[in-house]
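Hello,

Here is the structure I promised to pass on to you. My notes on it follow just below.

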Amino acid sequence: MISNEAKKAILPLILVLNMICSLSSSADTDSESKAISRELVQSFLDTSANISNLTGQFPELQNFSGGNQLGNSAELVEFLQKSAAFPDIKAILVRSQFTSLFELFSFSQRMMAMKLHLQLKSSEVASIFQTVKILKANLNSMKANHASEEIIAKAEALVEEQSKKADNLQQVIDTLVPSDQSFVEQNEDWFIAILNR
């Protein structure tokens, strides 16, 4: 069983993993070749929690869990491999269904795509797409009504900021493969419950 402290640490870790944009093609292939199952999802969550738990023992990993300036998977893997915690991380991976950090990070993207797919049914994610439409309509209205350049500039900056967020979410959602979509729809209650424990 995962401790309550470990469960609380999972979400920040998942969020950091999903900030990674440039996973290697071999990692994607390895991850996608794994058939989705409850056991695989549980292994990911357990592995993520166990790595998160190392931050108490190795404070340097706060740079990892906090996502400080680590822009892509290659930099992240290099950072972790050079850390004093890496032998412990390797031992955690050996006990998991993941053979490497790249594979773990790649699977995290699958997890996020499944989560966002479910959230699109609610206002939680759909609202950002609606917000962008509203902001664009407001901006067009401001321009048509000859609002000041300062107001228009602020509105344009807000549209750009929210559009980037929406685009990033859409890119993750677009990676969802049919088998993962079927799995998460068939196991929706379980999937939500296990992420919210």
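Which residues of helix α11 are buried? They are W190, F191 and I194, in a helix that covers residues 188-196. Seen down the axis of α11, these buried residues fall within an arc of 100°, so they line one face of the helix; the arc is that of the directions from the helix axis to the C-beta atoms. D189 and N196 are exposed on the other side of α11. As for the terms, buried means under 20% relative accessible area and exposed over 50%, with partly exposed in between (1.4 Å probe, protein chains only). Helices are DSSP runs (H or I, at least four residues), numbered from the N terminus.

A word on the source: this is a predicted model, in which local features need pLDDT of at least 70 and side-chain atom pairs count only at pLDDT 80 or more, while totals for chains, interfaces and linings use all residues. Residues are numbered from 1 along each chain as its sequence is written, and side-chain values use heavy atoms, with hydrogens and water left out.

Back to α11: its buried residues pack against α3 (38-53), α7 (101-119) and α10 (178-186). Helix α7 also holds H117, which counts as buried at 15% relative accessibility. Leaving aside neighbours within four places in sequence, H117 is in contact (heavy atoms within 4.5 Å) with L176, Q181, V184 and E185.

Lastly, K82 sits in helix α5 (residues 73-82) and counts as exposed, at 66% relative accessibility.

Best wishes

Key
Helix = DSSP H or I, 4+ residues; strand = E, 2+ residues; numbered from the N terminus.
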